[in-house]
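Here are my notes on this model, as numbered points. Please read them beside the coordinates.

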Amino acid sequence: MKFFIDTANLNEIREAAALGLIDGVTTNPSLIAREGDVDFKQHIAAICEIVQGPVSAEVTSVDTEGMLREGREVARVAPNVVVKCPLTRDGLKATRQLTEEGFKVNVTLCFSAAQAILAAKAGAAYISPFIGRLDDIGQNGLVLLAEIIEIYRNYDWGTEVLAASLRHPIHVVEAARMGADVATLPFKVIEQLMKHPLTDKGLDAFLSDWKKSGR
Ligand code: G3P
């Protein structure tokens, strides 16, 4: 399972890249907005300088023509840019067209298996089911992830399942158990994955025993 970091914060991206655990980056308009008054394309270029793997940059148009214009522009920023389009009628049309032009598309805001089938049929490079946001409304997001993986295994569509909106380590472990191709994680979740109180306790005991032995 590849790890992408779900942030537009350059410090977090640098730190995660330095850990050697990151295969790519996903951003969305909310994450970019959180970075303040940055120029969108320059910011994506800065991310692409830190991470060589796929960097998803989302369009903000709601019509196919606008998505195509924005997608082609942002894809020119760096060869590793993946255009992110929403799972709407216009987004699916844009996905098909951009894919035929040789661009990679991450279809985002997926909340059903039916939508995931359409994204694959449209030629998406990635489908992004939002696990945490389903949990938020009382539906089990991991059930959707399992359904999509099961369906995709029946065919040779070439669309990777990118588990998104992951909020805690259990989401990540379950996504890995199911065989998701990619998990995109906020920096906080990457930190949570490392932590175990028994590791800290055990290390303290080892170091204090070592010291007590007079070495
Ligand atoms: O980038 C898409 C997704 O991962 C957002 O997650 O936590 O805002 O639902 P969240």
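1. Buried means under 20% relative accessible area, exposed over 50%, and partly exposed in between (1.4 Å probe, protein chains only). Helices (H or I, at least four residues) and strands (E, at least two) are DSSP runs, numbered from the N terminus.

2. The model is predicted: local features need pLDDT of at least 70, side-chain atom pairs count only at pLDDT 80 or more, and totals for chains, interfaces and linings use all residues. Residues are numbered from 1 along each chain as its sequence is written, and side-chain values use heavy atoms, with hydrogens and water left out.

3. Helix α4 covers residues 64-75. Its buried residues are Thr64, Gly66, Met67, Leu68, Glu70, Gly71, Val74 and Ala75. The cover over them includes α3 (40-50), β3 (55-58), β4 (81-86) and α5 (89-100).

4. Thr26 sits in strand β2 (residues 24-26). Why does Thr26 count as buried? Because its relative accessibility is 1%. Its side chain makes a polar contact of 2.7 Å with the side chain of Asp6. Another, of 2.5 Å, joins the side chains of Thr26 and Thr184. A polar contact here is a pair of N or O atoms within 3.5 Å; within protein, one must be able to donate a hydrogen and the other to accept it, and residues adjacent in sequence count only if both atoms are side-chain atoms.

5. Contact means heavy atoms within 4.5 Å. Not counting residues up to four places away in sequence, Thr26 touches, among others, Phe4, Leu31, Ser56, Lys84, Asn106 and Leu162.

Definitions and conventions. The expected span of a helix is 1.5 Å times one less than its number of residues.
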